[in-house]
Amino acid sequence: MSEVAIIGLDLAKRVFQLHGAMADGSVAFRLKLPRARVLDFLASQQRCVVAMEACASAHSWGREIARLGHEVRLIPPIYVKPFVKRQKNDAADAEAISEAASRPTMRFVAVKSEEQQARAMLFRTRDLLVRQRTQLINALRGHLAEHGVVAPTGAAYLNRLAAAISDEKTGLPEPVRQLGTLYLEQIEALSARVNDLDRQMRKVATEADSTRKLQTMPGVGPITAMAIETFAPPMTIFRRSRDFAAWLGLVPRQHSTGGKQRLGATSKMGQRDIRRLLITGAMAVVQHASRKGAPDGSWLGRMLARKPRMLVAIALANKMARGLWAMMTTNKDFKNPATASA
């Protein structure tokens, strides 16, 4: 075991599988250890590369293993799967992780800090409460539609449903009124919690200078800036802005062969939270330009004149991602508006 170069660690709840490989790729050991003995075993090993699949608990293990002096490499599970030989089991998974980590062209996931994971929990909690509120609003609208009370979709029209429940002239049965009131109370409680989390996120977004700089770009607010700081790796790992846009999944999916380029819809093979927020922000910029008019001769004006608005929003989100990469790598505020000529 003294010549171990890479240790593949297959994470689990209680029993972990380890696969040690030497520098030439030969097997040094295969071990199955309980959770409590993993760190003690790794502490007894010479400094080497410890590879794991990037999952929910991998970042916590990565921080602990890094403190022991080892180099931690987190690999996306989709990149490990091709290295699994025939049967799927813990030993084969650990060996595949070790094999994947040894490839010189392999891409790795940066280990998140505790602060990043705490911000991620705040972001995901808000997202969960918003989805629960939307679910309640849709359920209430659907139930009232069965009794002839119809309102457009969206939280902005919730007041119409509330007015119908409180108005006795609508002829709603009493059980429907009582249950509708229960829905409204739950929606109001969730809205209050979402507003509290929004205030927390705005406060966090204003504390750091980096998030303040990001918000100088049109279409980027506190939530988007915080998501980039939380979920995006250090921008130094991307060689150019296009790589960051590709990492977000804002580039066309390729199916090219024989030198012939075939490009399809956006790949969506990236960080979905940041991608969704950038597209939402880009759509807001596009809608404002559609109502107020884009500057004459601008890229946005030319695109809106000949392309559908949703397509323009995706293209603008791609430009925003590249601009954000430039801002974060140069540590400068956004100077040129998104509607400037390209």
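Which residues are buried in helix H12 (residues 299-306)? The structure is a predicted model, in which local features need pLDDT of at least 70 and side-chain atom pairs count only at pLDDT 80 or more, while totals for chains, interfaces and linings use all residues. Residues are numbered from 1 along each chain as its sequence is written, and side-chain values use heavy atoms, with hydrogens and water left out.

In H12, the buried residues are Trp299, Leu300 and Met303 (buried means under 20% relative accessible area, exposed over 50% and partly exposed in between, with a 1.4 Å probe and protein chains only). These residues lie on the same side of H12 because they cover an arc of only 95° around the axis, the arc being that of the directions from the helix axis to the C-beta atoms. The exposed residues Ala305 and Arg306 are carried on the face of H12 turned away from its buried side. Helix H11 (272-292) and helix H13 (309-330) are the elements against which the buried residues of H12 pack (contact means heavy atoms within 4.5 Å). Helices (H or I, at least four residues) and strands (E, at least two) are DSSP runs, numbered from the N terminus.

The largest nonpolar core has 46 residues, a nonpolar core being a set of buried Ala, Val, Leu, Ile, Met, Phe, Trp, Tyr and Cys residues joined through side-chain atoms within 4.5 Å. Phe244, Ile274, Leu278 and Leu324 have the most contacts inside this core. H13 supplies its largest share, 10 residues. When residues up to four places away in sequence are not counted, Ile274 touches Ala227, Ile228, Phe231, Ala232, Trp247 and Leu248. Another core, of 19 residues, lies apart from it and includes Ile7, Cys48, Ala58 and Trp61.

An open sheet of mixed pairing is formed by 5 strands in the order S3-S2-S1-S4-S5 (two strands pair if DSSP finds at least two bridges between them). Strand S3 (27-34) and strand S5 (71-75) are the edge strands, each pairing on one side only. S2 and S3 run antiparallel and are joined by 7 bridges, with Phe29 in S3 as the bridge partner of Gly20. These two strands form a hairpin with 4 residues between them, and Gly25 in the turn has a positive phi of about 95°. By contrast, strand S4 (residues 49-53) pairs with S5 in the parallel sense over 5 bridges; the bridge partner of Ala51 in S5 is Arg73.
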